[in-house]
Amino acid sequence: MVSMQRILVFSALLVFGVFISSSWAEEKLVNLTRLQMFVDELPDMPRIQGFRVVNGVPKPRSFKIGMYQKKWKFHRDLPESTVYAYGTSNHTATVPGPTIEALHGISTSIMWTNNIHSTKHILPWDPTIPTAAPSTKNGIPTVVHLHGAIGEPESDGNANSWFTVGFQVRGSTWSKKTYHYYNQQQPGNLWYHDHAMGLTRVNLLAGLVGAYIIRHPNIEAPLGLPYGEFDRTLVVFDRAFSTDGSIYMNPTGNNPSIHPQWQPEYFGDAIIVNGKAWPKLTVRRRKYRFRIINASNARFFKFFFTNGLRFIHVGADSAYLAKPVTSREILVGPSEITDVVVDFSKSKANNAILANGAAYPYPSGDPVNEANNKVMKFTILPHSEVDTSRVPAKLIDYPVPDLSTASQTRYIAMYEYTSNIDEPTHLYLNAKPYEAPATETPKAGTSEIWNVINLTEDNHPLHIHLGLFVVLDQTDLVNVEEFKDCMTKRNDAVKCQVSKYARGNKTEVPAHEKGWKNVFKMRPGCVTKIIVRFAYIHTNASYEFDPTAEPGYVYHCHILDHEDNAMMRPLKIIR
């Protein structure tokens, strides 16, 4: 949102020292440009097997993961920060949480427990937007969504299925303590995070994120990709800090008379990877696989290596590509996952910095600065070595969607509403609040064409629960304001003759994003056409669960500040 009051623009405000008082807030903010980069080693997060082995045979497993309030050190020279963290105990809880490694075809059951006893959130939140509010006023509402999962509605982490410590207070759609994950879908990368109504942005900022991988050894091993210590998950997000080490979030809204706290986007200048700001990693001269998750609230990353190393894409979101794609840079929106191989033997230098070039807000916001334009540093050992891993010419080729089989065509319009000072007040999908009855009711086992019409100035990463989709094309709108006026009045793309306006330039879908995805970046002033499948992509088998059960699913913008207010709609599957 170009007109928004910036949450942070440190580089223009900071003059001397690591710490300085902000001129527009009582808190003292850390001058991140004065912090030394690349001093902390990249952590390898704890791993939890989502299965057990009995007499050499993998079997389903049940276990607990809790949410805890604890201290976490994001940088060598910063004080400890209070965070919310996932783990099997308070002592072992980490930010991000443990990486759960599941096996295809072997189910995993997790009792997610809320152990946050505090009566006050560690970050400011806004009661004027739809928010989970315990009747007792005690406890922090949380609920876990496994992003990218193809699973039952009861375990999807519905925003109103939240619960407080000890399940003492529960949301209106809460139904069970233990979530069941079937793991029957294609192998790939997922991640888990909080999804509580109106609190998603602050609960994730507090630290409630973690990676989840579904492996299928019989299919993946023959590919020969890097594995073991050469296969690393990178959870990347941005944060700002006060001088006492606490995570900083602006406590004043851009429309304080309407929303005392809510801001349309959160940005921090410290780039965190696996819980450390601008970490470093020593690598050997060989191929490594990196599963990169953008867990930021609103920041897009345009990743590139300063020494020219290339990315070899092998997967996007939760699915493999049909064949590898090479690029020099990658644009990754909030919640997107890019799965790449990097061959450090190709580097002429002994150092490689993973950098960022994405404006914020994307695409027309501020340029990167000295702090947020760096991500992490790789120190490359000088000696060459034998590397038995490879990137095959073919990966996993899933069936191409057949447009003729689409059962329905829908139009999904993205709206932003502003106050009399031209500051955003809220955002809607199809001009409807979340509480309005579901209008998207696809049939289980079918595919649909969705034309996503972005009438705002922002790029919105749209995430669809349960479904996987392929992006078909992106077409710019002409006479945008004229079309927007009609849509604002009628909210009907057909009656507003969308075909008359969707005839501008077409933007090619990047080759590494032409496979199956569960999130895609919806360009402003553009109609993005996708085909969504509400069935498995790797088999014709039906779901093992009832997708029509309550509380259903949702689809939403994954800029969390937008999702919370209230760019999210119910998705009801029918027979």
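Analyst: With a term: helices (H or I, at least four residues) and strands (E, at least two) are DSSP runs, numbered from the N terminus. This is a predicted model, where local features need pLDDT of at least 70, side-chain atom pairs count only at pLDDT 80 or more, and totals for chains, interfaces and linings use all residues. Residues are numbered from 1 along each chain as its sequence is written, and side-chain values use heavy atoms, without hydrogens and water.

User: OK. Where does aspartate 317 sit?

Analyst: Aspartate 317 lies in the loop between strand 19 (311-316) and strand 20 (319-327). Its phi is positive, about 50 degrees, although aspartate 317 is not a glycine.

User: Is aspartate 317 buried or exposed?

Analyst: Buried, because its relative accessibility is 2%. Buried means under 20% relative accessible area, exposed over 50%, partly exposed in between (1.4 Å probe, protein chains only).

User: What about the phi of tryptophan 278?

Analyst: Tryptophan 278 also has a positive phi, of about 45 degrees, and is not a glycine. Its place is the loop between strand 15 (276-277) and strand 16 (280-285). Tryptophan 278 has 0% relative accessibility, so it counts as buried.

User: And the peptide bond from tyrosine 360 to proline 361, cis or trans?

Analyst: That bond, from tyrosine 360 to proline 361, is cis, with omega near -5 degrees. Proline 361 is in the loop between strand 23 (351-356) and strand 24 (374-384).

User: How about asparagine 565 to alanine 566?

Analyst: The peptide bond from asparagine 565 to alanine 566 is cis too, with omega near -20 degrees. Alanine 566 belongs to the loop between helix 6 (560-563) and strand 34 (568-571).

User: Why mention these residues and bonds at all?

Analyst: Most residues other than glycine have a negative phi, and most peptide bonds are trans.

User: In which sense do strand 16 and strand 24 pair?

Analyst: Parallel, over five bridges between strand 16 and strand 24. Leucine 281 stands opposite phenylalanine 378 in strand 24.

User: Now the cysteines. How many disulfides does a search of the whole structure find?

Analyst: One. A disulfide is a pair of cysteine sulfur atoms within 2.5 Å. The partners are cysteine 486 and cysteine 496, with their sulfur atoms 2.1 Å apart. The link of cysteine 486 and cysteine 496 is left-handed, with -90 degrees about the S-S bond.

User: Where in the chain are cysteine 486 and cysteine 496?

Analyst: Cysteine 486 is in helix 4 (residues 480-490), and cysteine 496 is in the loop between helix 4 and helix 5 (498-501). The two are 10 residues apart. Cysteine 496 is buried, as its relative accessible area is 2%.

User: What about cysteine 526?

Analyst: Cysteine 526 is in no disulfide; the nearest cysteine sulfur, that of cysteine 557, is 15 Å away. Cysteine 526 is buried, with a relative accessible area of 0%.

User: And cysteine 557?

Analyst: Cysteine 557 is in no disulfide either, and its nearest cysteine sulfur is that of cysteine 526, 15 Å away. Cysteine 557 counts as buried because its relative accessibility is 0%.

Terms used:
Pairing = 2+ DSSP bridges.
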